[in-house]
Amino acid sequence: MTKAFASQADLADKKVSFTQLSPNAYAYTAEGDPNTGVIVGDDAVMVIDTQATPVMAQDVLKHIRSVTDLPVKYVVLSHYHAVRVLGASGYEPEHIICSRDTYDLIVERGEADKASEIGRFPRLFRAVESVPQGLTWPTITFSGQMSLWLGKLEVQLKQVGRGHTKGDTIAWLPEQKILFSGDLVEFDATPYAGDAYFQDWPHTLDNLAAMKPRALVPGRGAALTTPDAVAAGLKGTRDFITDVWASVKAGAAAGKELNAVYKDTVTKLRPKYGHWVIFDHCMPFDVTRCYDEATQFADPRIWTAERDQQMWQALES
Ligand SMILES: [Zn+2]
């Protein structure tokens, strides 16, 4: 039997958790679906990654309203992927913030990514008609690092290296040592690496570990509420990325074609990671990008709805 494309066969709703990590930090998680981080300051709320549509954002807002009446002043985009970005208008924020590198990716490939991701994840784009026309654009961009104060609470937004994309941004509460990692870290969920920098990603994770987070909200999976859980999340993601890279690099160096490298790599990795959510969805994209990086493409090539289907046909039929 041919495998259904990406997450098209995944239609069962997940159970939402809203976990408090500190006096100011919350994690909206749903059994491996994309997470949203929430920071409640003295005078305003910041949302980190939005959910895929404004209608789905309403459920996040409902949970925010169970702990505060303050306005959502800031939306931060950890990176450009549509499944985390297109719900932004649902919060009616004063500002949408992302890195300049993420802005550049939205300009270059935002439209292609929107069409591609809507095709990959029908369940996550519930009420896709509620997404405004066009793309979600930032009102503020930064390079490297910036701080915002929600009253007395400092929130740092930082780029600590490339990994999941070239624009990856984390949010950090320096006094409470709470980290919102976006898709740089996943927990019991397969890292999507179709737009990744495999050789950089492990070093970026080492930079996150060096910050010694007390708790961490990953891109997917449960909130990591202790230093031991944080270490496990960082290690799991690092191991996966280095294992994919080692397998694909060896295959490419031996002169094997992508198709053979894909089959070898899935066979090698399935025993260790096959139980993580979206393993079967991610592997064709991850290995394709990894093979590109190991052979001839320093930067990820743009995924379109058509390229998604061609790749899937080539590797899965
Ligand atoms: Zn992503």
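Let's start with His81, which is buried, at a relative accessible area of 3%. By buried I mean under 20% relative accessible area, with exposed being over 50% and partly exposed in between, using a 1.4 Å probe and protein chains only. Please keep in mind that this is a predicted model, where local features need pLDDT of at least 70, side-chain atom pairs count only at pLDDT 80 or more, and totals for chains, interfaces and linings use all residues. Residues are numbered from 1 along each chain as its sequence is written, and side-chain values use heavy atoms, with hydrogens and water left out.

Now for the strands. Helices (H or I, at least four residues) and strands (E, at least two) are DSSP runs, numbered from the N terminus, and two strands pair if DSSP finds at least two bridges between them.

Have a look at the open sheet of seven strands, with mixed pairing and the order β1-β2-β3-β4-β5-β6-β7. Its edges are β1 (17–20) and β7 (140–142), each with a single partner strand, so one side of each has no neighbour in the sheet. From one strand to the next, the twist averages 20°; axes are lines fitted to C-alpha atoms, for helices over the stretch in contact, and angles run from 0 to 180 degrees between N-to-C directions.

Let's walk through part of that sheet. Strand β2 (residues 25–30) pairs antiparallel with β3 over five bridges, and Tyr28 stands opposite Thr36 in β3. The two strands form a hairpin with two residues between them, and Glu31 in the turn has a positive phi of about 50°. How covered is β3 (residues 33–40)? Eight of its eight residues are buried. A second hairpin, through four residues, joins β3 to β4; these strands pair in the antiparallel sense over four bridges, with Gly37 opposite Ile48 in β4. Then β4 and β5 run parallel, joined by four bridges, and Val45 has Val72 as its bridge partner in β5.

Strand β5 also holds Tyr74, which counts as buried at 11% relative accessibility. Contact means heavy atoms within 4.5 Å. Leaving aside neighbours within four places in sequence, Tyr74 has contacts that include Val45, Val47, His95 and Leu148. Further along, helix α3 (residues 100–120) lies across β6 (95–99) and β7, at about 95° to β6.

There is also an open sheet of five strands, ordered β8-β9-β10-β11-β12, again with mixed pairing. Here β8 (145–150) and β12 (215–218) are the edge strands, each with a single partner, so one side of each is left without a neighbour in the sheet. Within this sheet, β10 and β11 run antiparallel, joined by three bridges, and Ala171 has Phe180 as its bridge partner in β11.

Last stop: the nonpolar cores, meaning sets of buried Ala, Val, Leu, Ile, Met, Phe, Trp, Tyr and Cys residues joined through side-chain atoms within 4.5 Å. The largest has 44 residues, and Phe198, Leu208, Phe240 and Met283 have the most contacts inside it. Which element gives the most to this core? That is α5, with eight residues. Apart from this core lies another one of 26 residues, among them Val83, Cys98, Phe125 and Val131.
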